Amino acid sequence: MSAQPHRRDAVGALLALYDDALPVVYGYFVRRCGDRGTAEDLTSETFLAGMDAARRIDTPPIAMPWLMGVARHKLADHYRRRRDTVPMAEPPEPVGPADDWDAELDRMVAESVLTRLSDPHRAVLVLRYMDDCSVGECAALLGRTVHATEALLVRAKRAFRKEYPEGARHE
């Protein structure tokens, strides 16, 4: 009987979060998929999974970080289903007229290099260095062991350095 009010509170918390979270979750997916239809589907899957979780007895605190964790798992599931697609980095938010052109150019070169890498290399580099996932999180999202993910990171960094234009490197 005591679990029922907790479930109602969790469902209510998710519903209260919905309006603010919807554009954030959708934006997260559209930047990584580049396809609005897929982003809409993954956004729906995220909120459905969130509602399922909110109805369970062992629900974690419902908040934006938790919901983005659900979204990250939905994105990883999507990539596992479609091995031909890999996450791309979120474009940086424009800071204003004082933006550093060299940094912007470096970012553009790096993203160009990422597109030339194999899917596994690109995925692990984006997750690790752009989404700031730990190696363990990368392993879980990619469906690999931590040891295999560490080895993949070493190979991916080597491949990235090999593809990165010599003249574009800033020491």
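Is Ala 21 buried or exposed? At 0% relative accessibility, Ala 21 counts as buried, where buried means under 20% relative accessible area, exposed over 50% and partly exposed in between, with a 1.4 Å probe and protein chains only. The structure is a predicted model, in which local features need pLDDT of at least 70, side-chain atom pairs count only at pLDDT 80 or more, and totals for chains, interfaces and linings use all residues. Residues are numbered from 1 along each chain as its sequence is written, and side-chain values use heavy atoms, with hydrogens and water left out.

The overall picture comes next. The protein has seven helices and zero strands, and its pattern along the sequence reads α-α-α-α-α-α-α. Helices (H or I, at least four residues) and strands (E, at least two) are DSSP runs, numbered from the N terminus. Of the 171 residues in the protein, 37% are buried. The accessible surface comes to about 10,300 Å², and 56% of it belongs to carbon and sulfur atoms; the areas come from the Shrake-Rupley method with a 1.4 Å probe, and for residues only the protein chains shown count as cover. Among contacts (heavy atoms within 4.5 Å) between residues at least 6 apart in sequence, 67% join residues at least 24 apart.

Not counting residues up to four places away in sequence, Ala 21 touches Phe 47, Met 64 and Leu 67. Its C-alpha atom is separated by 8.9 Å from that of Met 68, 47 residues apart along the chain. Tyr 18 also has its place in helix α1, but Tyr 18 is partly exposed, with a relative accessible area of 34%.

Attention now turns to helix α5. Asp 119 is found in this helix, which spans residues 119-130, and is partly exposed, with a relative accessible area of 25%. The side chain of Asp 119 makes a polar contact with the side chain of Arg 122 at 2.5 Å. A polar contact is a pair of N or O atoms within 3.5 Å; within protein, one must be able to donate a hydrogen and the other to accept it, and residues adjacent in sequence count only if both atoms are side-chain atoms. From C-alpha to C-alpha, Asp 119 and Ala 156 are 10.0 Å apart in space and 37 residues apart in sequence. Leaving aside neighbours within four places in sequence, His 121 is in contact with Leu 152, Arg 155, Ala 156 and Ala 159.

How do the helices pack? Two packed helices are described by the angle between their axes and the distance between the axes. Helix α5 and helix α7 (residues 146-163) pack at an angle of about 100°, with their axes 9 Å apart. Axes are lines fitted to C-alpha atoms, for helices over the stretch in contact, and angles run from 0 to 180 degrees between N-to-C directions. The two helices α5 and α7 are therefore roughly perpendicular to each other; angles under 35 degrees count as roughly parallel, over 145 as roughly antiparallel, 65 to 115 as roughly perpendicular and the rest as oblique. Among the residues that meet here are His 121, Val 124 and Leu 125 in α5 and Leu 152, Ala 156 and Phe 160 in α7. The residues of this contact divide into nine nonpolar, two polar and three charged. In this scheme Ala, Val, Leu, Ile, Met, Phe, Trp, Tyr, Cys and Pro count as nonpolar, Asp, Glu, Lys and Arg as charged, and the others, Gly among them, as polar.

Helix α6 (residues 135-142) and α7 pack at an angle of about 100°, with their axes 9 Å apart. That makes α6 roughly perpendicular to α7. Val 135, Gly 136, Cys 138, Ala 139 and Leu 142 in α6 meet Val 146, Thr 149, Glu 150, Leu 152 and Leu 153 in α7, and the contact divides into seven nonpolar, two polar and one charged.

The loop between α5 and α6 holds Asp 131 and Asp 132. Asp 131 is buried, with a relative accessible area of 11%, whereas Asp 132 counts as exposed at 63%. Asp 131 is in contact with Arg 32, Arg 72 and Val 126, neighbours within four places in sequence left aside. Asp 132 has a positive phi of about 60° although it is not a glycine.
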